[in-house]
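Subject: Structure handover and findings

Hello,

Here is the structure for you to look over. Please open it alongside these notes.

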Amino acid sequence: MNDVPEVRITKANHRDINPNGDFILYWMTVFRRSHWNFSLQRTVEWAQSLKKPILVLEALNCDYPWASERFHRFLLDGMADNLSYFQSHRISYYPYVEPAKDAGKGLLISLSEKACVIVTDDFPCFFIPQMVKSVAANVSILMESVDSNGMLPLKAADRLFLTAYSFRRFLHKNLPDHLTQMPAREPLKEINLPPLKHPPESVFKSWPLASHNILATGSRSLSDLKIGHDVKPVTKGGPLTGRKILNSFLKDRLTRYAQRRNMPEENATSTLSPYIHFGHISVHEIFHKVMNTEGWFFDRLSERATGSKRGWWGVGESAEAFLDQLITWRELGFNMCRHRDDYDKYESLPEWAVETLRFHEMDKRDYIYTVEQFENGLTHDPLWNAAQIQLVREGTIHNYLRMLWGKKILEWSPNPRIALEIMIELNNKYALDGRDPNSYTGILWILGRYDRPWAPERPVFGKIRYMSSKNTARKVRVVDYIKKYAPKKIA
Ligand SMILES: Cc1cc2nc3c(=O)[nH]c(=O)nc-3n(C[C@H](O)[C@H](O)[C@H](O)COP(=O)(O)OP(=O)(O)OC[C@H]3O[C@@H](n4cnc5c(N)ncnc54)[C@H](O)[C@@H]3O)c2cc1C
């Protein structure tokens, strides 16, 4: 097993390690998996060098924004998978589910008093950076945060990229060095660590381990938690399900990806985004398996950093197109979150976009809807309503329709700032993959981020790229889609 590359490790504080502690604590917050995980691998490195056991804490708060049964169930499915994996590898795993706001306060500090060092996940978005900062300041031992987000380490790009093209060029020049530094497939395999002789019983007593009942799929015990209960569970989560979906994508859908990915009725995309978002599957694993399927080797990489979407990897058309979404587009958003604290704010839009939207702010809108009308799919447009209903019912919208969905919110809101608020609210409340750097890439793209001015200049949109339901219906088949997601008739 190679060492975790230094560029992926950040000291979250400057405290010392406690060599007399009972264990190495891995506080798993984002990369919620046992495979292809640099944070877990770093924990193993510490455990081996200090000859200490590992304790993995995977906690689930109840007061994060938009917490609901939908996201909890998905995360709990992952915790059930992790429990069985860690148990079978004789690693102490501590699943904690916070029953009510603030009930988990103090857990980490108490646990840290018995630990040698804490390793946690480095994620540049949502509440995670603030939470890590605050814990790091309050523990008395060294805490490291480790970046297992993507193929390019966050710290490897020391500037902000404003277009996919410039970022892709940067990747073409700089990514090859990092492709040889993959995380261990299974960092706990064949390692010999001492057992945890002194489990932190007093901590377990104050913050009890999650019950098997709550981890088991289908359990009703979510109703007791202080989370939103209107947004219901949909798909099964967890690393095991994520891996199954990846395998079926590689077997049945990858070859159709380039030609069919923009066709909502074709099911040609991977549908992996929720699993990637919740850390149940790693981009490294996906990359590794795609390249295995393609029989790829390093010498196929083009030596020319052209920034072109196609041809750089030296694999088939579909795999190239897929990697461009998975790596270029996905990691572009991570780069934004890393470099700008206001990644989710209107002010972070490019100047030309702010200017053109300001110029057209007072334009007459043919329709204006409230957030409730949007939320309930009550616009005049059946295709838009179908997309929103799919989001509410299934926690997802196909990418092509997701673009249309956002463009129409811009068109039918009182002004672009309110449109931004509505998009963030609906996307993050219902989408399984929401609350992610990609969420802000997609939503702010609607308003001009990563895009260029388009002609002709139109009312409301100005120079922002325009999309219409009519054109969408001409380009892709949506008849069955509209039927499938028609509003339910009230008897
Ligand atoms: C308004 C709007 C909101 C969006 N909100 C989110 C969100 O909350 N979370 C989210 O993950 N994606 C979001 N996207 C991007 C995109 O819609 C989804 O990533 C994609 O539909 C996920 O489906 P998939 O896993 O089948 O993707 P695939 O086509 O199979 O792609 C593989 C992976 O690449 C990444 N990816 C694909 N398309 C994009 C893209 N356009 N931008 C960045 N990364 C991409 C995702 O991680 C995805 O899982 C949004 C797009 C728009 C226009």
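Below are the ground rules, then the findings by region.

Ground rules. This is a predicted model: local features need pLDDT of at least 70, side-chain atom pairs count only at pLDDT 80 or more, and totals for chains, interfaces and linings use all residues. Residues are numbered from 1 along each chain as its sequence is written, and side-chain values use heavy atoms, with hydrogens and water left out.

The annotated domain

The UniProt record, an unreviewed entry, places "domain: Photolyase/cryptochrome alpha/beta" on residues 22-154. UniProt positions are given here in the numbering used for the model, feature names are shortened, and annotations may be inferred rather than shown by experiment. That span is 38% helix and 23% strand, and its end C-alpha atoms lie 32 Å apart. Helices (H or I, at least four residues) and strands (E, at least two) are DSSP runs, numbered from the N terminus.

Strand 3 covers residues 54-60. Seven of its seven residues are buried, so the strand is largely enclosed by the rest of the structure. Buried means under 20% relative accessible area, exposed over 50%, and partly exposed in between (1.4 Å probe, protein chains only). In a regular strand the side chains alternate between the two faces of the sheet. Here Ile-54, Val-56, Glu-58 and Leu-60 point one way, while Leu-55, Leu-57 and Ala-59 point the other.

Strand 3 has parallel partners. Strand 2 (residues 23-28) pairs with it over five bridges. Leu-25 stands opposite Leu-55 there. Strand 4 (residues 92-97) is joined to strand 3 by six bridges. In that pairing, Ala-59 sits opposite Tyr-96. Two strands count as paired if DSSP finds at least two bridges between them.

Strand 2, helix 1 and strand 3 make a right-handed one. From strand 3 the chain crosses through helix 2 (residues 69-88) to strand 4, and this crossover is right-handed. Right-handed means that, with the strands pointing away from the viewer, the path from the first strand over the helix to the second runs clockwise.

Helix 1

At the start of helix 1, a side-chain oxygen of Asn-37 comes to within 2.8 Å of the backbone nitrogen of Ser-39. After the helix comes Lys-51, with a positive phi near 55 degrees.

Salt bridges

The whole structure has 26 salt bridges. Each is a side-chain nitrogen of Lys or Arg within 4 Å of a carboxyl oxygen of Asp or Glu. Some to look at:

- Arg-42, Glu-45 and Glu-144 are linked in a network.
- Arg-8 and Asp-147 meet at 3.8 Å, N to O. Arg-8 lies in the segment before strand 1 (9-11) and Asp-147 in the loop between strand 6 (143-146) and helix 5 (164-179), 139 residues apart. Both residues are buried.
- Asp-324 and Arg-168 have their closest N and O atoms 2.8 Å apart. Asp-324 is in helix 12 (residues 317-339) and Arg-168 in helix 5, so the pair ties together parts 156 residues apart in sequence. Asp-324 is buried at 7%, and Arg-168 is buried at 5%.
- Lys-408 and Glu-411 meet at 2.7 Å, N to O. Both lie in helix 16 (residues 399-411), three residues apart, about one turn of the helix. Lys-408 is buried at 4%, and Glu-411 is buried at 17%.

Backbone points to check

A cis peptide bond joins Ala-455 and Pro-456, with omega about -5 degrees. Pro-456 is in the loop between helix 18 (437-446) and helix 19 (469-475). Tyr-450 lies in the loop between helix 18 and helix 19. Its phi is positive, near 65 degrees, in a residue other than glycine. Tyr-450 is buried, at 8% relative accessible area.

Is Thr-271 buried or partly exposed? At 47% relative accessibility, Thr-271 counts as partly exposed. Thr-271 has a positive phi of about 55 degrees although it is not a glycine. Its place is in the loop between helix 9 (257-260) and helix 10 (273-277).

Best wishes

Conventions: Polar contact = N/O pair within 3.5 Å; in protein donor to acceptor, adjacent residues only side chain to side chain.
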